[in-house]
Amino acid sequence: MSSTTTSTTQPVDQRVDQRVGLPVDLPENAGRAAAAIALVLTAQLMLILDTTVVNVALPHIGDDLAFGPASLSWVLNAYTLAFGGLLLLGGRLGDVLGRRRMFESGLAVFTAASLLGGLATDPAVLVGARALQGVGAALAAPSVLALLTTSAPDEAARNRALALFGAVTSGGMSVGLLLGGFLTDVGSWRWTLFINIPIGLAVLALTRRYLDETARRPGRFDVLGAVLATTGAVAVVWSLIGAPEHGWTSGRTIGGLVAGVGALVALVLTEQRVAHPILRLELLRERRRVGALGVMMPVFGAQLALFFLVPQLVEGELGYSPVMTGVAFLPLSLSIFAMSRVSPRLLVRLGARPMMVLGTLGLAGSFAWLSTVSAGDSYAASLLGPLVLNGLSAALVFMPVTSTVLGGVAPEHAGAASGLLQTSQQLGGAVGFAVVASVYAAGAVPGEVLPGADTAFLTAAGFGLLAAGAALALVRHARA
(Lines give C-alpha, C1' and ligand atoms only; values in the text may rest on other atoms or scores of the structure.)
Protein backbone atom coordinates (compact mmCIF):
# COMPACT_ATOMS: atom_id res chain seq x y z
CA MET A 1 0.00 0.00 0.00
CA SER A 2 2.80 2.35 0.86
CA SER A 3 4.54 1.75 -2.46
CA THR A 4 1.34 2.59 -4.32
CA THR A 5 1.05 5.85 -2.42
CA THR A 6 4.61 6.76 -3.24
CA SER A 7 4.19 6.18 -6.97
CA THR A 8 1.03 8.25 -7.23
CA THR A 9 2.74 11.29 -5.76
CA GLN A 10 4.94 11.60 -8.87
CA PRO A 11 3.59 13.26 -12.06
CA VAL A 12 2.64 10.77 -14.78
CA ASP A 13 5.63 11.57 -17.02
CA GLN A 14 8.04 12.82 -14.37
CA ARG A 15 9.72 9.82 -12.70
CA VAL A 16 12.53 10.88 -10.36
CA ASP A 17 15.93 9.32 -9.79
CA GLN A 18 15.96 9.12 -5.98
CA ARG A 19 19.77 9.07 -5.86
CA VAL A 20 20.09 12.68 -7.03
CA GLY A 21 16.52 14.00 -6.96
CA LEU A 22 16.51 14.80 -10.68
CA PRO A 23 13.84 13.79 -13.23
CA VAL A 24 14.33 10.81 -15.52
CA ASP A 25 11.53 11.55 -17.98
CA LEU A 26 11.03 14.98 -19.53
CA PRO A 27 7.72 16.88 -19.53
CA GLU A 28 5.89 17.30 -22.84
CA ASN A 29 6.90 20.96 -23.16
CA ALA A 30 10.55 20.34 -22.31
CA GLY A 31 11.78 21.13 -25.83
CA ARG A 32 10.10 24.53 -25.99
CA ALA A 33 11.14 25.30 -22.43
CA ALA A 34 14.76 24.41 -23.23
CA ALA A 35 14.67 26.72 -26.25
CA ALA A 36 13.23 29.51 -24.09
CA ILE A 37 15.98 29.03 -21.49
CA ALA A 38 18.67 29.01 -24.18
CA LEU A 39 17.22 32.20 -25.63
CA VAL A 40 17.23 34.18 -22.41
CA LEU A 41 20.68 32.87 -21.46
CA THR A 42 21.99 34.10 -24.82
CA ALA A 43 20.59 37.53 -24.01
CA GLN A 44 22.15 37.43 -20.54
CA LEU A 45 25.53 36.52 -22.02
CA MET A 46 25.32 39.48 -24.40
CA LEU A 47 24.48 41.87 -21.53
CA ILE A 48 27.29 40.52 -19.32
CA LEU A 49 29.85 40.57 -22.14
CA ASP A 50 29.51 44.33 -22.31
CA THR A 51 30.85 44.62 -18.77
CA THR A 52 34.33 43.65 -20.03
CA VAL A 53 34.33 43.31 -23.84
CA VAL A 54 35.36 46.94 -24.32
CA ASN A 55 38.13 46.84 -21.67
CA VAL A 56 40.88 45.52 -23.93
CA ALA A 57 39.89 47.95 -26.66
CA LEU A 58 40.17 51.09 -24.49
CA PRO A 59 43.65 52.15 -25.75
CA HIS A 60 42.45 51.87 -29.36
CA ILE A 61 39.26 53.81 -28.57
CA GLY A 62 41.26 56.55 -26.85
CA ASP A 63 43.60 56.94 -29.84
CA ASP A 64 40.85 56.80 -32.47
CA LEU A 65 38.40 59.24 -30.86
CA ALA A 66 40.94 61.45 -29.05
CA PHE A 67 39.64 60.81 -25.54
CA GLY A 68 41.29 62.66 -22.69
CA PRO A 69 43.04 60.59 -19.98
CA ALA A 70 40.29 61.27 -17.42
CA SER A 71 37.32 60.82 -19.76
CA LEU A 72 38.27 57.43 -21.24
CA SER A 73 37.13 55.62 -18.08
CA TRP A 74 33.57 56.80 -18.80
CA VAL A 75 33.36 54.35 -21.70
CA LEU A 76 33.11 51.74 -18.91
CA ASN A 77 31.54 53.87 -16.18
CA ALA A 78 28.58 55.09 -18.27
CA TYR A 79 27.41 51.50 -18.79
CA THR A 80 27.93 50.55 -15.14
CA LEU A 81 26.16 53.66 -13.88
CA ALA A 82 23.01 53.25 -15.98
CA PHE A 83 22.89 49.47 -15.55
CA GLY A 84 23.33 49.50 -11.77
CA GLY A 85 21.11 52.52 -11.21
CA LEU A 86 18.03 51.30 -13.08
CA LEU A 87 17.86 47.58 -12.17
CA LEU A 88 15.24 47.96 -9.42
CA LEU A 89 13.09 49.98 -11.81
CA GLY A 90 13.55 47.41 -14.59
CA GLY A 91 12.56 44.56 -12.29
CA ARG A 92 9.37 46.23 -11.14
CA LEU A 93 8.41 47.30 -14.66
CA GLY A 94 8.63 43.66 -15.72
CA ASP A 95 6.27 42.63 -12.92
CA VAL A 96 3.77 45.37 -13.75
CA LEU A 97 3.87 45.56 -17.56
CA GLY A 98 4.86 41.99 -18.46
CA ARG A 99 8.32 40.44 -18.45
CA ARG A 100 8.47 39.49 -22.10
CA ARG A 101 7.47 43.04 -23.00
CA MET A 102 10.30 44.52 -20.89
CA PHE A 103 12.75 41.87 -22.10
CA GLU A 104 12.02 42.82 -25.71
CA SER A 105 12.05 46.56 -25.01
CA GLY A 106 15.35 46.45 -23.11
CA LEU A 107 16.97 44.24 -25.73
CA ALA A 108 15.82 46.54 -28.54
CA VAL A 109 17.27 49.59 -26.75
CA PHE A 110 20.52 47.73 -26.07
CA THR A 111 20.88 46.60 -29.70
CA ALA A 112 20.15 50.07 -31.12
CA ALA A 113 22.62 51.64 -28.68
CA SER A 114 25.29 49.13 -29.77
CA LEU A 115 24.85 50.28 -33.37
CA LEU A 116 25.05 53.92 -32.30
CA GLY A 117 28.22 53.30 -30.27
CA GLY A 118 29.90 51.37 -33.06
CA LEU A 119 29.29 54.28 -35.45
CA ALA A 120 30.42 56.96 -32.94
CA THR A 121 32.87 59.55 -34.26
CA ASP A 122 33.41 61.57 -31.08
CA PRO A 123 33.70 60.76 -27.34
CA ALA A 124 30.33 62.22 -26.30
CA VAL A 125 28.38 60.02 -28.70
CA LEU A 126 30.20 56.87 -27.57
CA VAL A 127 29.72 57.59 -23.86
CA GLY A 128 26.04 58.40 -24.49
CA ALA A 129 25.61 55.16 -26.41
CA ARG A 130 27.24 53.19 -23.60
CA ALA A 131 24.84 54.80 -21.10
CA LEU A 132 21.93 53.88 -23.37
CA GLN A 133 23.24 50.31 -23.50
CA GLY A 134 23.13 50.30 -19.70
CA VAL A 135 19.51 51.51 -19.76
CA GLY A 136 18.55 48.67 -22.11
CA ALA A 137 20.44 46.12 -20.01
CA ALA A 138 18.73 47.30 -16.81
CA LEU A 139 15.29 46.94 -18.42
CA ALA A 140 16.01 43.45 -19.81
CA ALA A 141 18.24 41.79 -17.19
CA PRO A 142 15.72 41.37 -14.32
CA SER A 143 13.23 39.86 -16.75
CA VAL A 144 15.92 37.44 -17.97
CA LEU A 145 16.23 35.87 -14.52
CA ALA A 146 12.47 35.97 -13.86
CA LEU A 147 11.73 34.35 -17.23
CA LEU A 148 14.27 31.62 -16.47
CA THR A 149 12.43 30.61 -13.32
CA THR A 150 9.01 30.68 -14.99
CA SER A 151 10.10 28.93 -18.21
CA ALA A 152 11.59 25.89 -16.48
CA PRO A 153 9.11 22.96 -16.57
CA ASP A 154 10.16 21.52 -13.17
CA GLU A 155 12.40 22.10 -10.17
CA ALA A 156 15.37 20.19 -11.57
CA ALA A 157 15.24 22.16 -14.83
CA ARG A 158 15.01 25.36 -12.79
CA ASN A 159 18.17 24.41 -10.85
CA ARG A 160 20.02 23.61 -14.06
CA ALA A 161 18.90 26.91 -15.59
CA LEU A 162 20.04 28.83 -12.50
CA ALA A 163 23.40 27.03 -12.61
CA LEU A 164 23.84 28.05 -16.23
CA PHE A 165 22.73 31.59 -15.39
CA GLY A 166 25.45 31.76 -12.73
CA ALA A 167 27.99 30.36 -15.17
CA VAL A 168 27.01 32.86 -17.86
CA THR A 169 27.09 35.75 -15.38
CA SER A 170 30.49 34.94 -13.85
CA GLY A 171 32.12 33.34 -16.90
CA GLY A 172 30.76 35.86 -19.38
CA MET A 173 33.09 38.57 -18.09
CA SER A 174 36.18 36.51 -18.92
CA VAL A 175 34.69 35.51 -22.28
CA GLY A 176 34.22 39.25 -22.89
CA LEU A 177 37.96 39.83 -22.49
CA LEU A 178 38.73 37.06 -24.99
CA LEU A 179 36.14 38.27 -27.50
CA GLY A 180 37.17 41.91 -27.08
CA GLY A 181 40.83 41.12 -27.64
CA PHE A 182 40.09 39.01 -30.72
CA LEU A 183 37.76 41.55 -32.33
CA THR A 184 40.14 44.43 -31.62
CA ASP A 185 43.16 42.61 -33.02
CA VAL A 186 41.60 41.21 -36.20
CA GLY A 187 39.22 44.07 -36.93
CA SER A 188 38.49 47.23 -34.98
CA TRP A 189 37.32 48.28 -31.53
CA ARG A 190 33.99 49.10 -33.18
CA TRP A 191 33.28 45.37 -33.56
CA THR A 192 33.16 45.01 -29.77
CA LEU A 193 29.86 46.90 -30.11
CA PHE A 194 28.71 45.74 -33.56
CA ILE A 195 28.86 42.08 -32.41
CA ASN A 196 25.75 42.72 -30.29
CA ILE A 197 23.59 43.63 -33.29
CA PRO A 198 23.15 40.20 -34.99
CA ILE A 199 22.79 38.49 -31.59
CA GLY A 200 20.20 40.99 -30.40
CA LEU A 201 18.20 40.81 -33.63
CA ALA A 202 18.22 37.00 -33.59
CA VAL A 203 16.98 36.85 -29.99
CA LEU A 204 14.28 39.43 -30.70
CA ALA A 205 13.12 37.47 -33.75
CA LEU A 206 12.66 34.28 -31.70
CA THR A 207 11.34 35.75 -28.46
CA ARG A 208 7.60 35.56 -29.20
CA ARG A 209 7.92 32.05 -30.55
CA TYR A 210 9.40 30.56 -27.40
CA LEU A 211 8.55 32.93 -24.53
CA ASP A 212 5.07 33.44 -23.14
CA GLU A 213 4.02 36.82 -21.78
CA THR A 214 3.40 37.09 -18.06
CA ALA A 215 0.26 38.64 -16.67
CA ARG A 216 0.20 42.40 -16.18
CA ARG A 217 -0.37 43.52 -12.59
CA PRO A 218 -3.07 46.10 -11.85
CA GLY A 219 -2.54 49.11 -9.61
CA ARG A 220 -0.80 52.47 -9.66
CA PHE A 221 2.89 52.52 -10.47
CA ASP A 222 5.16 53.67 -7.64
CA VAL A 223 6.63 56.79 -9.27
CA LEU A 224 8.21 58.19 -6.08
CA GLY A 225 9.79 54.84 -5.30
CA ALA A 226 11.19 54.63 -8.84
CA VAL A 227 12.74 58.10 -8.52
CA LEU A 228 14.26 57.36 -5.09
CA ALA A 229 15.56 53.91 -6.11
CA THR A 230 17.16 55.25 -9.28
CA THR A 231 18.60 58.37 -7.59
CA GLY A 232 20.01 56.38 -4.68
CA ALA A 233 21.61 53.63 -6.76
CA VAL A 234 23.01 56.06 -9.35
CA ALA A 235 24.47 58.36 -6.67
CA VAL A 236 26.16 55.49 -4.81
CA VAL A 237 27.60 53.91 -7.97
CA TRP A 238 28.70 57.32 -9.32
CA SER A 239 30.52 58.12 -6.06
CA LEU A 240 32.24 54.75 -5.88
CA ILE A 241 33.47 54.57 -9.47
CA GLY A 242 35.08 58.01 -9.03
CA ALA A 243 36.58 57.34 -5.59
CA PRO A 244 39.91 55.89 -6.82
CA GLU A 245 40.50 59.00 -8.95
CA HIS A 246 39.09 61.75 -6.70
CA GLY A 247 39.84 60.22 -3.29
CA TRP A 248 37.65 58.71 -0.60
CA THR A 249 37.58 61.91 1.46
CA SER A 250 36.79 64.26 -1.43
CA GLY A 251 33.59 66.28 -1.40
CA ARG A 252 32.47 64.49 -4.56
CA THR A 253 32.77 61.04 -2.98
CA ILE A 254 31.36 61.85 0.46
CA GLY A 255 28.59 64.07 -0.90
CA GLY A 256 27.53 61.49 -3.46
CA LEU A 257 27.50 58.66 -0.92
CA VAL A 258 25.50 60.72 1.59
CA ALA A 259 22.98 61.69 -1.10
CA GLY A 260 22.71 58.10 -2.36
CA VAL A 261 22.31 56.50 1.06
CA GLY A 262 19.83 59.21 2.01
CA ALA A 263 17.72 58.47 -1.06
CA LEU A 264 17.79 54.71 -0.32
CA VAL A 265 16.75 55.29 3.32
CA ALA A 266 13.90 57.51 2.08
CA LEU A 267 12.98 54.70 -0.33
CA VAL A 268 12.65 52.19 2.53
CA LEU A 269 10.51 54.61 4.57
CA THR A 270 8.32 55.43 1.59
CA GLU A 271 7.76 51.84 0.48
CA GLN A 272 6.18 50.93 3.80
CA ARG A 273 3.14 53.07 2.92
CA VAL A 274 2.74 52.32 -0.80
CA ALA A 275 0.18 49.80 -2.09
CA HIS A 276 2.35 48.65 -5.02
CA PRO A 277 5.98 49.41 -4.03
CA ILE A 278 8.91 49.21 -6.42
CA LEU A 279 10.95 47.59 -3.61
CA ARG A 280 8.93 44.95 -1.78
CA LEU A 281 10.23 45.11 1.78
CA GLU A 282 8.97 41.63 2.59
CA LEU A 283 11.76 40.35 0.35
CA LEU A 284 14.22 41.75 2.90
CA ARG A 285 12.44 40.39 5.96
CA GLU A 286 13.65 36.83 5.40
CA ARG A 287 17.07 36.33 6.97
CA ARG A 288 18.04 33.60 4.51
CA ARG A 289 17.55 35.91 1.51
CA VAL A 290 19.34 38.86 3.14
CA GLY A 291 22.26 36.56 4.01
CA ALA A 292 22.52 35.36 0.41
CA LEU A 293 22.57 38.98 -0.79
CA GLY A 294 25.31 39.60 1.79
CA VAL A 295 27.31 36.80 0.19
CA MET A 296 26.77 38.07 -3.35
CA MET A 297 27.89 41.67 -2.83
CA PRO A 298 31.51 41.06 -1.72
CA VAL A 299 31.87 38.11 -4.11
CA PHE A 300 30.94 40.23 -7.14
CA GLY A 301 33.19 43.03 -5.92
CA ALA A 302 36.14 40.67 -5.62
CA GLN A 303 35.47 39.19 -9.08
CA LEU A 304 35.40 42.61 -10.75
CA ALA A 305 38.71 43.36 -9.05
CA LEU A 306 40.10 40.17 -10.63
CA PHE A 307 39.20 41.43 -14.11
CA PHE A 308 40.91 44.72 -13.31
CA LEU A 309 44.18 43.33 -11.92
CA VAL A 310 44.94 40.15 -13.87
CA PRO A 311 44.83 41.76 -17.37
CA GLN A 312 47.39 44.31 -16.17
CA LEU A 313 49.67 41.53 -14.94
CA VAL A 314 49.26 39.49 -18.11
CA GLU A 315 49.82 42.40 -20.49
CA GLY A 316 52.25 44.48 -18.45
CA GLU A 317 54.37 41.77 -16.81
CA LEU A 318 54.14 38.90 -19.31
CA GLY A 319 53.81 41.06 -22.45
CA TYR A 320 50.71 39.30 -23.81
CA SER A 321 48.73 40.76 -26.73
CA PRO A 322 45.01 41.59 -26.27
CA VAL A 323 44.03 38.25 -27.83
CA MET A 324 46.40 36.27 -25.63
CA THR A 325 45.17 38.18 -22.59
CA GLY A 326 41.68 36.89 -23.34
CA VAL A 327 43.04 33.38 -23.90
CA ALA A 328 44.71 33.57 -20.47
CA PHE A 329 41.22 33.74 -18.93
CA LEU A 330 39.97 30.62 -20.72
CA PRO A 331 40.85 28.26 -17.82
CA LEU A 332 38.69 30.39 -15.54
CA SER A 333 35.73 30.32 -17.95
CA LEU A 334 36.06 26.58 -18.60
CA SER A 335 36.23 25.89 -14.86
CA ILE A 336 33.05 27.87 -14.28
CA PHE A 337 31.14 26.07 -17.02
CA ALA A 338 32.45 22.65 -15.92
CA MET A 339 31.35 23.22 -12.32
CA SER A 340 27.95 24.52 -13.49
CA ARG A 341 27.26 21.00 -14.82
CA VAL A 342 27.78 19.58 -11.33
CA SER A 343 26.35 22.28 -9.09
CA PRO A 344 22.63 21.30 -9.47
CA ARG A 345 23.44 17.85 -8.06
CA LEU A 346 25.60 19.35 -5.34
CA LEU A 347 22.68 21.59 -4.38
CA VAL A 348 20.50 18.50 -3.90
CA ARG A 349 23.13 16.63 -1.89
CA LEU A 350 24.83 19.39 0.13
CA GLY A 351 22.33 22.22 0.21
CA ALA A 352 22.84 25.90 -0.68
CA ARG A 353 24.60 27.10 2.46
CA PRO A 354 27.54 24.60 2.52
CA MET A 355 28.12 25.31 -1.18
CA MET A 356 28.33 29.05 -0.43
CA VAL A 357 30.83 28.43 2.38
CA LEU A 358 33.07 26.22 0.23
CA GLY A 359 32.87 28.56 -2.74
CA THR A 360 33.63 31.76 -0.83
CA LEU A 361 36.58 30.18 0.99
CA GLY A 362 37.88 28.93 -2.36
CA LEU A 363 37.59 32.44 -3.82
CA ALA A 364 39.49 33.91 -0.87
CA GLY A 365 42.18 31.26 -1.37
CA SER A 366 42.48 32.05 -5.09
CA PHE A 367 43.10 35.75 -4.39
CA ALA A 368 45.60 34.98 -1.65
CA TRP A 369 47.40 32.69 -4.13
CA LEU A 370 47.46 35.48 -6.73
CA SER A 371 49.05 37.84 -4.18
CA THR A 372 52.21 35.68 -4.30
CA VAL A 373 52.93 36.47 -7.99
CA SER A 374 56.43 37.88 -8.39
CA ALA A 375 58.63 39.18 -11.20
CA GLY A 376 59.85 36.50 -13.59
CA ASP A 377 57.02 34.05 -12.86
CA SER A 378 55.46 32.31 -15.82
CA TYR A 379 51.74 32.12 -16.53
CA ALA A 380 51.61 28.37 -15.82
CA ALA A 381 53.44 28.73 -12.52
CA SER A 382 51.73 31.81 -11.10
CA LEU A 383 48.32 32.39 -12.72
CA LEU A 384 46.90 29.13 -14.09
CA GLY A 385 46.26 27.45 -10.72
CA PRO A 386 44.53 30.37 -8.97
CA LEU A 387 42.40 31.13 -12.05
CA VAL A 388 41.13 27.53 -12.15
CA LEU A 389 40.45 27.61 -8.40
CA ASN A 390 38.65 30.93 -8.81
CA GLY A 391 36.41 29.60 -11.58
CA LEU A 392 35.44 26.44 -9.69
CA SER A 393 34.74 28.44 -6.54
CA ALA A 394 32.69 31.13 -8.29
CA ALA A 395 30.45 28.49 -9.84
CA LEU A 396 29.91 26.99 -6.38
CA VAL A 397 28.66 30.36 -5.10
CA PHE A 398 26.54 31.92 -7.85
CA MET A 399 24.01 29.13 -8.32
CA PRO A 400 23.00 28.59 -4.65
CA VAL A 401 22.93 32.35 -3.99
CA THR A 402 20.59 32.89 -6.94
CA SER A 403 18.41 29.97 -5.90
CA THR A 404 18.22 31.24 -2.31
CA VAL A 405 17.33 34.81 -3.26
CA LEU A 406 14.58 33.72 -5.66
CA GLY A 407 13.32 30.81 -3.55
CA GLY A 408 9.85 31.26 -2.09
CA VAL A 409 9.12 34.42 -4.10
CA ALA A 410 5.60 34.68 -5.52
CA PRO A 411 5.63 34.58 -9.35
CA GLU A 412 4.20 38.10 -9.59
CA HIS A 413 7.18 39.47 -7.65
CA ALA A 414 9.96 37.48 -9.39
CA GLY A 415 11.04 40.54 -11.38
CA ALA A 416 11.44 42.64 -8.22
CA ALA A 417 13.49 39.86 -6.58
CA SER A 418 15.66 39.55 -9.71
CA GLY A 419 16.23 43.31 -9.77
CA LEU A 420 17.19 43.22 -6.08
CA LEU A 421 19.72 40.43 -6.67
CA GLN A 422 21.31 42.12 -9.67
CA THR A 423 21.37 45.50 -7.92
CA SER A 424 23.30 43.89 -5.07
CA GLN A 425 25.75 42.56 -7.68
CA GLN A 426 26.26 45.97 -9.24
CA LEU A 427 26.60 47.83 -5.92
CA GLY A 428 28.93 45.15 -4.57
CA GLY A 429 30.94 45.30 -7.78
CA ALA A 430 31.24 49.08 -7.55
CA VAL A 431 32.38 48.92 -3.91
CA GLY A 432 34.86 46.10 -4.52
CA PHE A 433 36.36 47.64 -7.62
CA ALA A 434 36.69 51.07 -5.99
CA VAL A 435 38.38 49.71 -2.86
CA VAL A 436 40.76 47.37 -4.70
CA ALA A 437 41.66 50.02 -7.31
CA SER A 438 42.40 52.50 -4.52
CA VAL A 439 44.63 50.01 -2.69
CA TYR A 440 46.44 49.19 -5.92
CA ALA A 441 46.96 52.87 -6.76
CA ALA A 442 48.32 53.57 -3.26
CA GLY A 443 51.14 51.06 -3.73
CA ALA A 444 51.73 51.53 -7.46
CA VAL A 445 55.04 52.61 -8.96
CA PRO A 446 54.85 54.49 -12.30
CA GLY A 447 55.85 52.28 -15.21
CA GLU A 448 55.61 49.04 -13.18
CA VAL A 449 52.75 46.58 -12.75
CA LEU A 450 53.57 44.40 -9.74
CA PRO A 451 53.96 47.00 -6.95
CA GLY A 452 50.63 47.29 -5.17
CA ALA A 453 49.19 44.15 -6.78
CA ASP A 454 49.94 41.93 -3.77
CA THR A 455 48.02 44.11 -1.32
CA ALA A 456 45.24 44.61 -3.87
CA PHE A 457 44.80 40.83 -4.25
CA LEU A 458 44.86 40.41 -0.47
CA THR A 459 42.14 43.05 -0.25
CA ALA A 460 40.08 41.00 -2.72
CA ALA A 461 40.78 37.94 -0.54
CA GLY A 462 39.35 39.94 2.36
CA PHE A 463 36.13 40.40 0.38
CA GLY A 464 36.05 36.63 -0.12
CA LEU A 465 36.42 36.07 3.63
CA LEU A 466 33.68 38.62 4.29
CA ALA A 467 31.38 36.64 2.00
CA ALA A 468 32.43 33.41 3.76
CA GLY A 469 31.46 34.98 7.08
CA ALA A 470 28.01 35.78 5.72
CA ALA A 471 27.67 32.21 4.43
CA LEU A 472 28.76 30.76 7.77
CA ALA A 473 26.19 32.93 9.52
CA LEU A 474 23.56 31.38 7.25
CA VAL A 475 24.73 27.89 8.24
CA ARG A 476 24.53 28.71 11.96
CA HIS A 477 21.07 30.20 11.46
CA ALA A 478 19.90 27.05 9.66
CA ARG A 479 21.17 24.80 12.49
CA ALA A 480 19.54 26.98 15.13
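Modeller: Rings of Phe, Tyr and Trp, the last by its six-membered ring, form a pair if their centres lie within 6.5 Å. The model is a predicted one, and a search of the whole structure on that criterion finds 7 aromatic pairs.

Colleague: What is the geometry of the pair formed by Trp-191 and Phe-194?

Modeller: The two ring centres are 5.4 Å apart, and the planes stand at 75°. Planes over 60 degrees apart count as edge-to-face. The pair of Trp-191 and Phe-194 is therefore edge-to-face.

Colleague: By about how much of helix 8 are Trp-191 and Phe-194 separated, and is Phe-194 buried or exposed?

Modeller: Trp-191 and Phe-194 are 3 residues apart in helix 8 (residues 191-194), so about one helical turn separates them. Trp-191 has a relative accessible area of 45% and is partly exposed. Phe-194 has a value of 16%, under the 20% limit, and so counts as buried.

Colleague: Is the pair of Phe-307 and Phe-329 stacked or edge-to-face?

Modeller: The centres of the rings of Phe-307 and Phe-329 lie 5.4 Å apart, with the planes at 25°. Planes under 30 degrees apart count as stacked. The pair of Phe-307 and Phe-329 is accordingly stacked.

Colleague: How many residues apart are Phe-307 and Phe-329?

Modeller: Phe-307 belongs to helix 12 (residues 287-317), while Phe-329 is in the loop between helix 13 (322-328) and helix 14 (330-350). Both Phe-307 and Phe-329 are buried. Their pair links distant parts of the chain, at a separation of 22 residues.

Colleague: Which residues make the nonpolar surface patch of about 320 Å²?

Modeller: Residues of a patch have over 30% relative accessible area, and Val-327, in helix 13, is partly exposed at 31%. Helix 13 and helix 14 are the elements that give two or more residues to the patch. The patch is made by Met-324, Val-327, Leu-330 and Leu-334.

Colleague: Which residue lies over the face of Trp-238?

Modeller: A charge sits over a ring if NZ of Lys or CZ of Arg is within 6 Å of the ring centre and within 35 degrees of the ring normal. At 3.8 Å from the ring centre of Trp-238, the residue over its face is Arg-252.

Colleague: Which residues are linked with Asp-95 in a network of salt bridges?

Modeller: Asp-95 and Arg-99 meet through their side chains in a salt bridge of 2.9 Å, N to O. Both Asp-95 and Arg-99 are buried. In the network, Asp-95 is linked with Arg-92 and Arg-99.

Colleague: In the salt bridge of Glu-104 with Arg-208, is Arg-208 buried or exposed?

Modeller: The closest N and O atoms of Glu-104 and Arg-208 are 3.0 Å apart. Glu-104 lies in helix 5 (residues 99-118) and Arg-208 in helix 9 (residues 196-210), so the bridge ties together parts that are 104 residues apart in sequence. Glu-104 is buried, with a relative accessible area of 13%. At 56% relative accessibility, Arg-208 counts as exposed.

Colleague: How many of the 23 residues of helix 17 are buried?

Modeller: Helix 17 (residues 384-406) should span 33 Å at 1.5 Å a residue, and this agrees with its end C-alpha atoms, which are 34 Å apart. The helix is largely enclosed by the rest of the structure, because the number of its residues that are buried is 18.

Colleague: What phi does Ala-66 have?

Modeller: Most residues other than glycine have a negative phi. Ala-66 is in the loop between helix 3 (58-65) and helix 4 (74-97), and is exposed, with a relative accessible area of 62%. Although Ala-66 is not a glycine, its phi is positive, at about 55°.

Definitions and conventions. Residues are numbered from 1 along each chain as its sequence is written. This is a predicted model: local features need pLDDT of at least 70, side-chain atom pairs count only at pLDDT 80 or more; totals for chains, interfaces and linings use all residues. Side-chain values use heavy atoms; hydrogens and water are left out. Helices (H or I, at least four residues) and strands (E, at least two) are DSSP runs, numbered from the N terminus. Buried means under 20% relative accessible area, exposed over 50%, partly exposed in between (1.4 Å probe, protein chains only). The expected span of a helix is 1.5 Å times one less than its number of residues. Patches are made of residues with over 30% relative accessible area and no salt bridge: like charges are joined within 9 Å, nonpolar side chains (Val, Leu, Ile, Met, Phe, Trp, Tyr) within 5 Å. Accessible areas come from the Shrake-Rupley method with a 1.4 Å probe; for residues, only the protein chains shown count as cover. A salt bridge is a side-chain nitrogen of Lys or Arg within 4 Å of a carboxyl oxygen of Asp or Glu.
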